[in-house]
Amino acid sequence: GAGEFFHGDRGGGWQYEALSGAVALGLDTNHGHVQPTGAYHYHAKPTLLIKDLSLNSAAHSPQIGWAADGFPIYACFGFGNGGSSIRELVPSYRIKSGNRPDGENEPGGNYDGTFTRDYEYVEGWGDLDECNGHITTTPEFPNGTYAYFLTNDWPYIPRCHRGTPS
């Protein structure tokens, strides 16, 4: 997620969503940018990498990396829960309904995707768990593994780890 918070106060916990456009982060066409430390990082699918890998909706996505906990990361297409056909995998998050709290350290207004807390995880809403992954088979792991997936909808990229990062 973005390092910017409502009123710059981490205590309130209202972290801006990088792709909402509410904060100018200078994201490039790959949904990434250089942070003040000089490190480049992504906030969503690396568009040009995906294009170079010839992503195809009829085939399992190629592996595009490894997470810090050792599980593979794939793009959008894979086997759904209990499914035997390839399809675009869907995250299990949705925008909350109603209004945000309105107080001294709370932004108020409608839940609209401006903040990461505007989203809620709903088990079974989509194919993926709260870390944007699930246990599945892949071309590299025909006997099965836990794997993360990048998605076209929030949270776009994994935002937690299923395992323990090394």
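Predicted model: local features only at pLDDT ≥ 70, side-chain atom pairs only at ≥ 80, totals over all residues.
View 1. Buried residues make up 40% of the 166 residues. The chain carries 10 positive and 19 negative charges, whose mean positions lie 2 Å apart.

**View 2. Secondary structure and overall dimensions.** The chain has 1 helix and 12 strands, and along the sequence these follow the pattern β-β-α-β-β-β-β-β-β-β-β-β-β. The radius of gyration is 17 Å, close to the 15 Å that the globule rule gives for 166 residues, so the chain is as compact as a globular protein of that length. Along its principal axes, the C-alpha trace spans about 50 × 35 × 30 Å. Of the contacts between residues at least 6 apart in sequence, 49% join residues at least 24 apart.

**View 3. The disulfide between C131 and C160.** The sulfur atoms of C131 and C160 are 2.0 Å apart and form a disulfide. C131 lies in the loop between strand 10 (119-121) and strand 11 (133-136), whereas C160 lies in the segment after strand 12 (145-149), so the pair ties together parts that are 29 residues apart in sequence. The torsion about the S-S bond is about -120°, so the disulfide is left-handed. C131 is buried, with a relative accessible area of 2%, while C160 is partly exposed, at 28%.

**View 4. The cysteine C76.** The closest cysteine sulfur to that of C76 belongs to C131 and is 18 Å away, which is too far for a bond. C76 is buried, with a relative accessible area of 2%.

Definitions and conventions: Residues numbered from 1 in each chain as written. Heavy atoms only, no water. Helix = DSSP H or I, 4+ residues; strand = E, 2+ residues; numbered from the N terminus. Rg over C-alpha atoms; globule rule 2.2 N^0.38 Å. Buried < 20%, exposed > 50% of the residue type's maximum accessible area, 1.4 Å probe, protein only. Contact = heavy atoms within 4.5 Å. Lys, Arg positive; Asp, Glu negative; His and termini not counted. Charge placed at Lys NZ, Arg CZ, Asp CG, Glu CD. Disulfide = S-S within 2.5 Å.
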